[in-house]
Amino acid sequence: MTAELSSKSLFVISQIGQLRSAQELVRTLGLTDVSIAILYTKKNLNARNDTEAAVDRTIFSEVFPTEIHPASNSLNLRPAKHAFRTYSELLNRVQPKTIFVCSFERHYAILCEVASNRGIRVCLFEEGTAIYKKGVEGFQTFAEPTISQSMFGIYNRRLKSNLIFREVIMRVAYTLYQLWLLLISPLTIIKDIYHLPQLQKLFLKRKWKGFISGWYDFDTVYASNPDVLRGVFHSNEYVESVPSFNDKGLIEGAKQIAEEYAIDENTAIFASQSFPVDTKIFVTLIMRFLHQLAETNDLRILIKLHPREKPAIVGAYERLLEMDEYRERIVLLNPTPVPAEYIALNSDCRTIVSISSSTLMYAPKHKQLRAISIGYVLLEALT
């Protein structure tokens, strides 16, 4: 272990999956003086509480719940300034020699910049496959807003409810009231124009360019496939770091699931994921592809829902599984915190399926598995 890593270290995470990766990396590197910051917003206090409760206090000597702006990734000066203040205060309080982050865009980029300017080592660790997204040419995490979208937002917020836009003849009193609203609306519209993403982007470029482009300069990058990232980040070193999936509680839970659902060599596990696609269309296509895969390969497929799957998605799967066509070969697992990787590795399963889940990358590193992605056929069907 280098001298730098033997000093005070700070991990910055926001949810349980990242916490698990952080704790495993701490064990792997043999770090001793380590603290952790848990990012949260007031809108999602339950996530903060659940994550904090899962922290292994034998690994992290201090835990710092850190409130961030509710729109931390919005293209706006306000969350950028908030991030600068928040992370400056956090680093003042902890005084780390090294920080570990698992994201490199928007408010995380400001954290990295503040730390780097103070001479603090900045390390990136892999929490999931999202780290590889910038290896795809032209990929953008945050789509550029159009002028029409921005102007429509102003209309929705300020003018849509104004009856002058919808009626020609009104009662005089009501009309006067609406005219009064129009008299004061220019001020609010001017304010909205100032906050247009297109203008805010110009302001951000002058002070916090990393908030737009991301942060790509790291002292060390810890990843399961470091060679893939060498052209993406500027780093002094790349270290291979593969999740070991050795949590005893999760292993026991996976074995119980394997027994309950009689997972054998002819059982495939589908790890679900959420995407901003119409629920009915999305789930219908997935079920169609899974059924074709099951029929073609004589498989039974277990659907492992993502822990943060929306109720609408769950309901859509449940409704389709009432059909005899699907019921014979596809089964929906009861909600469980046990990750799909643990279930695949602690059962006789020989096939894993997903769209772009980290399950497809990590599980086969520990066991000979057939990894199948339906991402391309799904994308083709949606376009």
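Begin with helix α3, which supplies five residues, the largest share of the lining of the largest cavity; helices here are DSSP runs of H or I with at least four residues, strands are runs of E with at least two, and both are numbered from the N terminus. The model is a predicted one, in which local features need pLDDT of at least 70 and side-chain atom pairs count only at pLDDT 80 or more, while totals for chains, interfaces and linings use all residues. Residues are numbered from 1 along each chain as its sequence is written, and side-chain values use heavy atoms, with hydrogens and water left out.

Now select Ile68, His69, Ser72, Pro79, His82, Ala83, Thr86, Tyr87 and His107, the residues that line this cavity. A cavity is a set of points, on a 1 Å grid over the protein atoms alone, where a 1.4 Å probe fits but cannot get out, and its lining residues have an atom within 4 Å of a point. The space inside is about 40 Å³, where volume is the space filled by probe spheres set on the points, joined across faces, edges and corners. A search of the whole structure finds one cavity of 30 Å³ or more. Which classes of residue make up the lining? Four are nonpolar, five are polar and none is charged, counting Ala, Val, Leu, Ile, Met, Phe, Trp, Tyr, Cys and Pro as nonpolar, Asp, Glu, Lys and Arg as charged, and the others, Gly among them, as polar.

Select Phe84 and Trp208, a tilted pair with 5.7 Å between centres and 40° between planes. Phe84 belongs to helix α3 (residues 77–94), whereas Trp208 sits in the loop between α7 (197–207) and α8 (209–213), 124 residues apart. Phe84 is partly exposed at 37% relative accessible area, whereas Trp208, at 6%, is buried (buried means under 20%, exposed over 50%, partly exposed in between, with a 1.4 Å probe and protein chains only).

Move on to Phe100 and Tyr222, another tilted pair, 6.0 Å centre to centre with 35° between the planes. Phe100 lies in strand β4 (residues 98–101) and Tyr222 in strand β6 (residues 217–223), so the pair ties together parts that are 122 residues apart in sequence. Phe100 is buried at 0% relative accessible area, and Tyr222 is buried at 3%.

Key:
Rings of Phe, Tyr and Trp (its six-membered ring) pair if their centres lie within 6.5 Å; planes under 30 degrees apart count as stacked, over 60 as edge-to-face and the rest as tilted. On a 1 Å grid over the protein atoms alone, a cavity is a set of points where a 1.4 Å probe fits but cannot get out, and a pocket is an open set with protein on both sides within 12 Å along at least five of seven lines; lining residues have an atom within 4 Å of a point.
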